[in-house]
Amino acid sequence: MDLSLSTRESAGTYIVDIGGEIDVSSSSKLRERLVGLVNEGALRLVVNLEGVEFIDSTGLGVLVGILKRIRARDGSLAIVCSNDALLRVFTITGLEKVFAIYPSLEAATKHSTA
């Protein structure tokens, strides 16, 4: 399945809604979008994975890279994910301790403005 990306801004928080699969063939598209946002000055990002069906190590690497980039600028990154299969990937890799993961967009948005 192709990767779909849409971005919106609300009160200084940039929300990136993602759909499809994040894998080796689509992760460069995601990286370009997220790096572009950070380079344009977005310091509060919410990455919404609710429409994502699959993520591989390449996709996780993109998220880790963006987290490092945004933290270097004193920004914040929140992830929205309630899909058990995706949450298991974050748990198995230990990344659930690295990322701020929220079960809803509302919870993640509250975090990013706090």
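This is a predicted model: local features need pLDDT of at least 70, side-chain atom pairs count only at pLDDT 80 or more; totals for chains, interfaces and linings use all residues.
**View A. The salt bridge between arginine 8 and aspartate 17.** The side chains of arginine 8 and aspartate 17 meet with an N to O distance of 2.8 Å.

View B. Lysine 110 and glutamate 106 are both exposed.

View C. The five strands form an open sheet with mixed pairing and the order 1-2-3-4-5. Strand 1 (4-10) and strand 5 (100-102) are the edge strands, each pairing on one side only, and the twist from one strand to the next averages 25°. Strand 3 and strand 4 run parallel and are joined by five bridges; within strand 4, alanine 78 is the bridge partner of valine 46. Helix 2 lies across strand 2, strand 3 and strand 4, and runs at about 175° to strand 3. Helix 3 also packs on the sheet, where it touches strand 3, strand 4 and strand 5, and its direction makes about 110° with that of strand 3.

**View D. The largest nonpolar core and the separate core beside the view.** The largest nonpolar core has 29 residues, and Ile18, Leu34, Leu45 and Leu49 are those with the most contacts inside it. Two or more residues of this core are given by each of strand 2 (13-22), helix 1 (27-39), strand 3 (44-55), helix 2 (57-71), strand 4 (76-80) and helix 3 (84-93). Helix 2 supplies the largest share, six residues. Apart from this core lies another, of six residues, which include Ile15, Val46, Ala78 and Ala108.

**View E. The surroundings of leucine 49.** When residues up to four places away in sequence are not counted, leucine 49 touches Ile18, Ile22, Ile79, Val80, Cys81, Leu86 and Phe90. Leucine 49 is also one of the residues with the most contacts inside the largest nonpolar core.

**View F. The aromatic pair of phenylalanine 90 and phenylalanine 99.** The count comes to one aromatic pair. The ring centres of phenylalanine 90 and phenylalanine 99 are 5.9 Å apart and their planes stand at 85°, so the pair is edge-to-face. Phenylalanine 90 counts as buried because its relative accessibility is 0%, and phenylalanine 99 likewise counts as buried, at 5% relative accessibility.

**View G. Cysteine 81 in the loop between strand 4 and helix 3.** Cysteine 81 has its place in the loop that lies between strand 4 and helix 3, and at 2% relative accessibility this residue counts as buried. Leaving aside neighbours within four places in sequence, cysteine 81 is in contact with Leu49, Glu50, Leu86, Leu87, Ile101, Tyr102 and Pro103. Cysteine 81 and glycine 51 are 30 residues apart in sequence, while in space their C-alpha atoms are 9.0 Å apart.

Conventions
Residues are numbered from 1 along each chain as its sequence is written. Side-chain values use heavy atoms; hydrogens and water are left out. A nonpolar core is a set of buried Ala, Val, Leu, Ile, Met, Phe, Trp, Tyr and Cys residues joined through side-chain atoms within 4.5 Å. Buried means under 20% relative accessible area, exposed over 50%, partly exposed in between (1.4 Å probe, protein chains only). Helices (H or I, at least four residues) and strands (E, at least two) are DSSP runs, numbered from the N terminus. Contact means heavy atoms within 4.5 Å. Rings of Phe, Tyr and Trp (its six-membered ring) pair if their centres lie within 6.5 Å; planes under 30 degrees apart count as stacked, over 60 as edge-to-face and the rest as tilted. Two strands pair if DSSP finds at least two bridges between them. Axes are lines fitted to C-alpha atoms, for helices over the stretch in contact, and angles run from 0 to 180 degrees between N-to-C directions. A salt bridge is a side-chain nitrogen of Lys or Arg within 4 Å of a carboxyl oxygen of Asp or Glu.
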